[in-house]
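Student: I'm new to reading protein models. Could you walk me through one, feature by feature?

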Amino acid sequence: MPCSLCSRGIWDNYMQTARDIIKELYGRDRLAVFQAAEKIETQPELICGILETMLRDILIYSYSHQEKDLALPVYPDLLQETRDRADQLRLSRAVQEVDELRRYYKRHVNSLLVSTNISYKIWEALN
């Protein structure tokens, strides 16, 4: 039996939100960081997990150019757009930093502050 997120189609909404966040952060000014943080706040831990996996997929794709190596469903427009400009070192560092920052959601820290920092790390890696 599928999980409740999948059976209700909610998963697709969160996946689309994460895709939109990546697209908005890519090639835009720093104001996009704050807008992305607000979107993350709808479900911070879940969306950040998806964002981290998407960053990892972009990094893997920058090395292999093989869609079969990716963890999430294919989003070719985003992969093609970021492939040529992807800085592998910055992406690798961002994946690690997002993972570390995500742990703060479980602590007594303002979640919007954590989301803003995560958004900034992603923005920095993509631009």
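Student: Let's start with Tyr 120: is it buried or exposed, or partly exposed?

Tutor: The general idea is a scale of relative accessible area: buried means under 20%, exposed over 50%, and partly exposed in between, using a 1.4 Å probe and protein chains only. Here Tyr 120 comes out at 27%, so we call it partly exposed. By the way, this is a predicted model, where local features need pLDDT of at least 70, side-chain atom pairs count only at pLDDT 80 or more, and totals for chains, interfaces and linings use all residues. Residues are numbered from 1 along each chain as its sequence is written, and side-chain values use heavy atoms, with hydrogens and water left out.

Student: Where does Tyr 120 lie, and what does it touch?

Tutor: Helices here are DSSP runs (H or I, at least four residues), numbered from the N terminus. Tyr 120 belongs to helix 7. For touching, we use contact, meaning heavy atoms within 4.5 Å. Setting aside residues up to four places away in sequence, Tyr 120 touches Arg 30 and Val 33.

Student: What about Leu 112?

Tutor: Leu 112 is in helix 7 too, and its relative accessibility of 37% makes it partly exposed. Again skipping residues up to four places away, Leu 112 touches Ala 37, Glu 38 and Glu 41. With Glu 41, the C-alpha atoms are separated by 6.6 Å, yet the residues are 71 apart along the chain.

Student: How do I read a nonpolar core, and how many residues are in the largest one?

Tutor: In soluble globular proteins, nonpolar side chains tend to be buried together. We define a nonpolar core as a set of buried Ala, Val, Leu, Ile, Met, Phe, Trp, Tyr and Cys residues joined through side-chain atoms within 4.5 Å. In this model the largest one has 37 residues, and those with the most contacts inside it are Ile 22, Leu 25, Leu 55, Ile 118, Ile 122 and Leu 126. Several helices supply at least two residues each, including helix 2 (10–25), helix 4 (44–64) and helix 7 (111–126). Helix 4 gives the most, with 9 residues.

Student: Which residues does Thr 53 contact?

Tutor: Thr 53 is in helix 4 and counts as buried, at 19% relative accessibility. Leaving aside neighbours within four places, Thr 53 is in contact with Ala 71 and Leu 72.

Student: Last one: which ring does the charged end of Arg 107 sit over?

Tutor: We say a charge sits over a ring if NZ of Lys or CZ of Arg is within 6 Å of the ring centre and within 35 degrees of the ring normal. Here the charged end of Arg 107 sits over the ring of Tyr 104, 4.9 Å from its centre.
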